[in-house]
Amino acid sequence: MPSFDIVSKVDAQTLDNAINNAKKEILNRFDFNGSKSTIDLDKKTNVITIVTEDDMRLKAIEGSIISRMMKQNLDPKSLNFGDEHQASGNMIRKEISIKEGLDKEAAKKVVAKIKASGLKVQPAIMDDQVRVTAKKIDDLQAVISLCRTEDFDQPLQFINMRN
């Protein structure tokens, strides 16, 4: 039976490129001249750490990261912005985590939306992905178009299409 998987993943190399481009942009901007702002990506825990002097610069760095992600075809919905914390001295620290995999609530929303559509498919939650099986590939393609039109607060990718 034909099937495919619905996942939510971020390509690590593309994310690294987007962060490096944002770093270069921040270093070359006039309003960051003489600033001690840093952007660090921890690849193991998928956390971006921003340290800067004030709120205005923090918002500018966030905007730069989002714009660079969009230019690299990464969805900014995969970012989970945390709270701002005071670092040493007059510095502000903010940690941005990257969502990997579908959490249970998002997977349940996807399955409920697919079942409510009335298509002859069988969605099943498997760890951090949803597997959809059907008798016809046309039904699977209808599910993909349905999921693309909905907003599940996470970017979705459709992988492993099999006959």
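Reply: Begin with pairing: two strands count as a pair if DSSP finds at least two bridges between them. Keep in mind that the model is predicted.

Me: In which sense do β1 and strand β7 pair, and over how many bridges?

Reply: Strand β7 covers residues 129–134, and its pairing with β1 is antiparallel, with four bridges.

Me: How many bridges join β1 to strand β8?

Reply: Four bridges link β1 with β8, which is made of residues 157–162, and the two run antiparallel. Asp5 has a bridge partner here as well, Ile159 in β8.

Me: Is strand β1 mostly covered or mostly uncovered?

Reply: A residue is called buried when its relative accessible area is under 20%. Strand β1, residues 3–7, is mostly covered, with five of its five residues buried.

Me: Which residues point which way from β1?

Reply: Ser3, Asp5 and Val7 point one way, while Phe4 and Ile6 point the other way. Residues on both sides are buried.

Me: Now the empty space. How is it found?

Reply: A probe the size of a water molecule is rolled over the atoms, which shows where empty space is left. In this model the count is one cavity of 30 Å³ or more. The volume of the largest cavity is about 30 Å³.

Me: Which residues line the largest cavity?

Reply: Its lining consists of Ala12, Leu15, Leu41, Lys43 and Asn46. Sorted by class, the lining has three nonpolar residues, one polar and one charged.

Conventions
Residues are numbered from 1 along each chain as its sequence is written. This is a predicted model: local features need pLDDT of at least 70, side-chain atom pairs count only at pLDDT 80 or more; totals for chains, interfaces and linings use all residues. Side-chain values use heavy atoms; hydrogens and water are left out. On a 1 Å grid over the protein atoms alone, a cavity is a set of points where a 1.4 Å probe fits but cannot get out, and a pocket is an open set with protein on both sides within 12 Å along at least five of seven lines; lining residues have an atom within 4 Å of a point. Grid points are joined across faces, edges and corners, and a volume is the space filled by probe spheres set on the points. Ala, Val, Leu, Ile, Met, Phe, Trp, Tyr, Cys and Pro count as nonpolar, Asp, Glu, Lys and Arg as charged, and the others, Gly among them, as polar. Buried means under 20% relative accessible area, exposed over 50%, partly exposed in between (1.4 Å probe, protein chains only).
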